[in-house]
Amino acid sequence: MNEKTLKEIDYFRIREEVAGFCLSEEGKKSLLERNPLTKLQEIEYLKNASREWTSYLSSGASNPLNGWESVGPLQKIIKTTGMALSLEQVKALGQFCLAQKKVKESIALHQTELNLKVLTEKVEQLPDFSETEKLIFRIITPDGELRDLPEIVEIRKQIANLNNKIKTIMQKFTSDQKLSGVLESNIPVLRNGRQVLAVKSNQQNRISGIIHEVSQSAQTVYIEPEEAVRCSNELIQKENELIYIINKILAELTLSLQPSIPLFNQALPIMCFFDTTLAAARWGNANNCCYALPIYDKNPEPPLLYQARHPLLGEKAVPIDIRFMEGKRVLIITGPNTGGKTVTLKTFALFSMLNQTGLPVPAGEGTRLPIFKNLFADIGDDQSLDQNLSTFSGHMKNIAEAVNGAGKESLVLLDELGSGTDPQEGTAISMAVLDELIKKESFVLVTTHQGILKNYGYTNPSCINASVEFDQASLSPSYHLLMGVPGESHALDIASHSGLPKNIVKNARDYIATEQADVSALIRGLNRKHVELNKVQKLAEQKSKETQEKSDKLKQKELELRRKENELKKGKQQELNDFLIHSRRQLENLVRTLKEGEITREKTLAVKQFISDLTKDTERLEQKTEIEEEKLVRAEEEFEKELKTRKNQPSNKKTKKKMSNAEALKYATPMENMGAGSNNQKKSATLESKPLIFEPGAKVLAGNNSEGILIDDARKGLWNVQFGSVKMTVKQKDLKLVSSPEDSILATPSISYDLSTSGGEVERPVFELRLLGMRGEEAIKALEHQIDLAALNNFPHFSVIHGKGDGILQQLVKDYLSHSPMVKDFSFAPAEDGGAGKTYVTLK
């Protein structure tokens, strides 16, 4: 692409603005070096990656990528034997490792939910930095600080002791009242990196030591006492020793990182890809952009710019539509000065180049743009005194370059074509140039004030006219582009509005030929018709939009109802499961109690109380369910009547059958082994000829084909049924008669219960267990209870808040979790969520 032309359409300014959204200098550099591409596959790959980042950002997920300092130049240092990285350079490498680790985790977490195909494919190409990360962060912390390694802990301790010793020596002098008249100040100062005392020059013999400096007035001398000299010398020696050890550690680390050079070479371009595509998505979100649809060679569609806004105009930009028609490759734009003709040219060219760079464009969805291999432009005034070029010569030089180099996949911009010379000759050149470009099948956008070119646009089948709209009331342009209609220059109207004397304007109008006036009237009529057509079209689009919105709302409501129905089903199922689990445990405890020791009156009363509570709970659930079912049946009947009345046709709608208590017997059958032993069940015999009725002793089948015997009538519509050693209360409609009482043998008495939830709330684990303020034993009991509840309720993740304090409670929690067989993993929370005062727990 021609760099001069790219500069004229402000391409580099926008590219630099997008690069400002990059998180790393290397990513920014990569984007600034990217120029418009010409291969559709490469362009779409970049756009698809940015589309996926846009979906990621819209989902509200956490920041997927961290910035890093430049690591490319550091590879030369690592390669060179004997050289050592600085602490800042090691930090940069660590940042890069953490950045690639975070982007891996972020994409892996959301790849299925957000369908991140391109990003997943790219992240799988990142190498494994785990060993490199260990090497780096063994030496430094994630903040880039040097760790307290065994090699330097002792020497740092010695340095701290020497500093304290020097401080003590200095305090001995400054706190001595006898020296109050000797010292200028009782605060030691630093000179040449050593602590000294400010002593009056006439009293310097009172303190023996080394003079390091004399003030400009010679009234003060800075003396280092003899007692501190030896300590300071030793301190400097230890500090140099510390620097030597640190440099040695960094040199060893640099050497150990040499095998990681291929990893950095492989990962850096991929990380720059993530950074640049993410920057494009962020810029697109900030400017309300879309990604242009491609135009394929097999099924070419005409280009379309919909609601396009030039990004440099900001909020002042008026959205424009540029709609090429099939077979039309030349757009001739006419209209008044300052109406936005040149901006329209630049907008189309700029958006095309941004699209070919893999960037979004500030336009509406549905925008389609082709791929251009060449871009030529003649915009502005190329007059040059140095090159002896006039305005017209400058134009002709640019046009000649375009005509000679243009082809089928070229975009040519010609601003004010044919201007700067004799109008008749300029018009002839203009039409001849357009004829040649049409032969070459180039895409051409032209602006002009020449009336003959308007007629050329009408008569040539490859051209389409357009004009910038002009408001006759305010005598000012509205900057809207009207496709299919040529425009007037409105020079006389603008001249009058700008203050040109009326008599001059009147004379000018008289000079215009009648034929020309007729053409102007025709154009004005076409413009009015176009405005009216636009109003009708906008009204139709608005109605279509409202209809679509209503349809979307209905679909959304349907989905919400389906989701609500599903949630209700889950809630009912969970309620039933909780009841069965709770009842089963209570029953097991009662059976265990009865088996252990003698049966006392208290135990018997406890069993009776359990059965009574269970019966009440079951009755409550049954009544609640039946009431809801009756309401639903009534509502459905009313709806069916309404449909019959409206459509006069019978309804075949059936009510849903809810799960009966009998179907839950599969949860209760294991209880049979807790009684005195299971009874052998017999299959139903052949049915007798006499009609079967529900009466005590009759054999029945429940919903899950469990065979039982009717004991007695509990209440209307409910029967007590003996299933093996378990007695349950079941609805009559959920039972099927098998045989009469004569063929049935009652089972031995056993403990019975109904299906319902327990009277109290089922205790559940919490998402966040707070142990603050508890004693050690109390806290461990609470933690143990939380783990038990979490295991029983399939609740694998929770957190424990223990605070930092003196670290006692924190250590107790850590010790317990380390030895708990039910704990899979645990770790401190990140700094923003409590840090070391909070622990995340994951169960097996």
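Is Lys-373 buried, partly exposed or exposed? Lys-373 counts as partly exposed, since its relative accessibility is 44%. The structure shown here is a predicted model, and its protein chain contains 22 helices and 23 strands.

**The chain as a whole**

- Of the 844 residues in the protein chain, 41% are buried.
- The accessible surface of the protein chain comes to about 48000 Å², and carbon and sulfur atoms account for 52% of that surface.
- When contacts between residues at least 6 apart in sequence are considered, 68% of them join residues that are at least 24 apart.

- Side chains of opposite charge can pair when their charged atoms come close.
- A search of the whole structure finds 17 salt bridges, and one of them is formed by Glu-409 with Lys-373, where the closest N and O atoms are 3.2 Å apart.
- This pair links distant parts of the chain, for Glu-409 lies in the loop between helix H13 (391-405) and strand S11 (410-414), while Lys-373 lies in the loop between strand S9 (368-369) and strand S10 (374-378), 36 residues apart.
- Glu-409 is partly exposed at 34% relative accessibility, and Lys-373 is likewise partly exposed, at 44%.

- Salt bridges that share partners bring Glu-44, Lys-47 and Arg-51 together in one network.
- Elsewhere, Asp-321 forms a salt bridge with Arg-323, with 3.8 Å between the closest N and O atoms, and Arg-323 counts as partly exposed at 34% relative accessibility.

- Thr-54 is found in helix H4, which covers residues 40-58, and Thr-54 counts as buried because its relative accessible area of 18% falls under the 20% cut-off.
- Once neighbours within four places in sequence are left aside, Thr-54 is in contact with Ala-281, Asn-285 and Tyr-291.
- Thr-54 and Gly-284 are separated by 230 residues in sequence, yet their C-alpha atoms are 8.2 Å apart in space.

Technical notes
Residues are numbered from 1 along each chain as its sequence is written. This is a predicted model: local features need pLDDT of at least 70, side-chain atom pairs count only at pLDDT 80 or more; totals for chains, interfaces and linings use all residues. Side-chain values use heavy atoms; hydrogens and water are left out. Helices (H or I, at least four residues) and strands (E, at least two) are DSSP runs, numbered from the N terminus. Buried means under 20% relative accessible area, exposed over 50%, partly exposed in between (1.4 Å probe, protein chains only). Contact means heavy atoms within 4.5 Å. Accessible areas come from the Shrake-Rupley method with a 1.4 Å probe; for residues, only the protein chains shown count as cover. A salt bridge is a side-chain nitrogen of Lys or Arg within 4 Å of a carboxyl oxygen of Asp or Glu.
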